[in-house]
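Here is a short briefing on one protein chain. Keep the sequence and the 3D view open as you read.

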Amino acid sequence: MLIRKPADIASSEITPKSLYLSRRKFLAGTAIAGAAAMAGFGLHELSSPSLVARANPKIDGLQKSSFSTVEPITPYKDVTNYNNYYEFSTDKYEPAGLAKNFKTRPWTVTIDGHVKKKQVLDVDTILKMAAPEERIYRHRCVEGWSIVVPWVGFSLSELIKRADPLPKAKFVEFTTLLNPGEMPGQRGSVLQWPYVEGLRMDEAMHPLALLCFGMYGEVLPNQDGAPLRLVLPWKYGFKSIKAIVRVRFTDGQPSNTWNRSAPNEYGFYSNVNPNVDHPRWSQAKERRLGEFLKRPTLMFNGYDQVASLYSGMDLKKNF
């Protein structure tokens, strides 16, 4: 048998810690399931998200969205305990604990730049702009893992229309809260703070672009971006900026955080074209959180509805 040394193994072939732990939980779960069957309980009762500790308020009046995928939903406990949130930590297991006491009220969002209606809005006013929808979206992260989440919110276009952008507004820039006192990750220099993201206006107006304030039928947990975040299912997760405090309309392309930090690795469009490899790993395949086998990564993450936004563009250069 050929034994490979660590130096011989590509990082993409190493099983992530989360998946290793999930395997151990699965093996333990089979023993529990056997005991449950003998006791007269089903697997549904054992694995139901309702049995996982959840403290956030429910969101009433949810409408089901036709944009939703029919793929199996990633368990709540996984989505809330394995988070990319550098404002709190670069370790994916730490944000849930570090964000536990993060204050999301009072909270305001500044709307400015090239708009007719500059304003400062209370977040609860924004949440009432449109009826909440539940959208089950595939969601990708740059390290090659993905999730399926029932997000709650409404189309970002609802907020944009109320701002009434001027004709010269070609882009929308979003900024995260700067609060090192409550966000310990901002005390370090791993990124330039505050976190900034940007979209072209037509991307921001696309109905798939979600202004999100909940998931799994409940108010967003702090570690998942409360009180207000974006969800852009056809792009990588870092475009879906969390804890938004400013929306600015510009005539030039915003200098978004990851592109500014590593321009050779993270393009502005991030990443509509998985056929362009990251310099340190392939983008061609992804692993769904909790699964062991990889699956092909689809162009636009499978959301072909947005393909026309990039018609005529060189998607090897503007990946």
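Which residues line the largest cavity? The lining consists of Val-142, Tyr-236, Phe-238, Glu-265, Tyr-266, Gly-267, Ser-270, Asn-271, His-278, Gln-283 and Phe-319. This is a predicted model, where local features need pLDDT of at least 70, side-chain atom pairs count only at pLDDT 80 or more, and totals for chains, interfaces and linings use all residues. Residues are numbered from 1 along each chain as its sequence is written, and side-chain values use heavy atoms, with hydrogens and water left out.

**Cavity**
- On a 1 Å grid over the protein atoms alone, a cavity is a set of points where a 1.4 Å probe fits but cannot get out; lining residues have an atom within 4 Å of a point.
- The whole structure holds one cavity of 30 Å³ or more.

**Aromatic pairs**
- Rings of Phe, Tyr and Trp (its six-membered ring) pair if their centres lie within 6.5 Å; planes under 30 degrees apart count as stacked, over 60 as edge-to-face and the rest as tilted.
- The count is 16 aromatic pairs.
- One of them is tilted: Phe-238 and Trp-258, 6.2 Å centre to centre with 55° between the planes.
- Phe-238 sits in the loop between strand 10 (229-231) and strand 11 (244-250), and Trp-258 in helix 8 (residues 257-261), so this pair ties together parts that are 20 residues apart in sequence.
- Phe-238 and Trp-258 are both buried (under 20% relative accessible area, 1.4 Å probe, protein chains only).
- Tyr-269 and Tyr-310 pair edge-to-face, at 5.9 Å centre to centre and 85° between the planes.
- Tyr-269 lies in the loop between helix 8 and strand 12 (285-288), and Tyr-310 in the segment after strand 13 (295-296), 41 residues apart.
- Tyr-269 and Tyr-310 are buried.
- Ring pairs join Phe-171, Phe-268, Tyr-269, Phe-300 and Tyr-310 into a cluster.

**Charges over rings**
- A charge sits over a ring if NZ of Lys or CZ of Arg is within 6 Å of the ring centre and within 35 degrees of the ring normal.
- Arg-140 places its charged end over the ring of Tyr-236, 4.4 Å from the centre.

**Whole chain**
- The chain has eight helices and 13 strands; these are DSSP runs numbered from the N terminus (helices H or I, at least four residues; strands E, at least two).
- Of its 319 residues, 51% are buried.

Note on methods:
Buried means under 20% relative accessible area, exposed over 50%, partly exposed in between (1.4 Å probe, protein chains only). On a 1 Å grid over the protein atoms alone, a cavity is a set of points where a 1.4 Å probe fits but cannot get out, and a pocket is an open set with protein on both sides within 12 Å along at least five of seven lines; lining residues have an atom within 4 Å of a point. Grid points are joined across faces, edges and corners, and a volume is the space filled by probe spheres set on the points.
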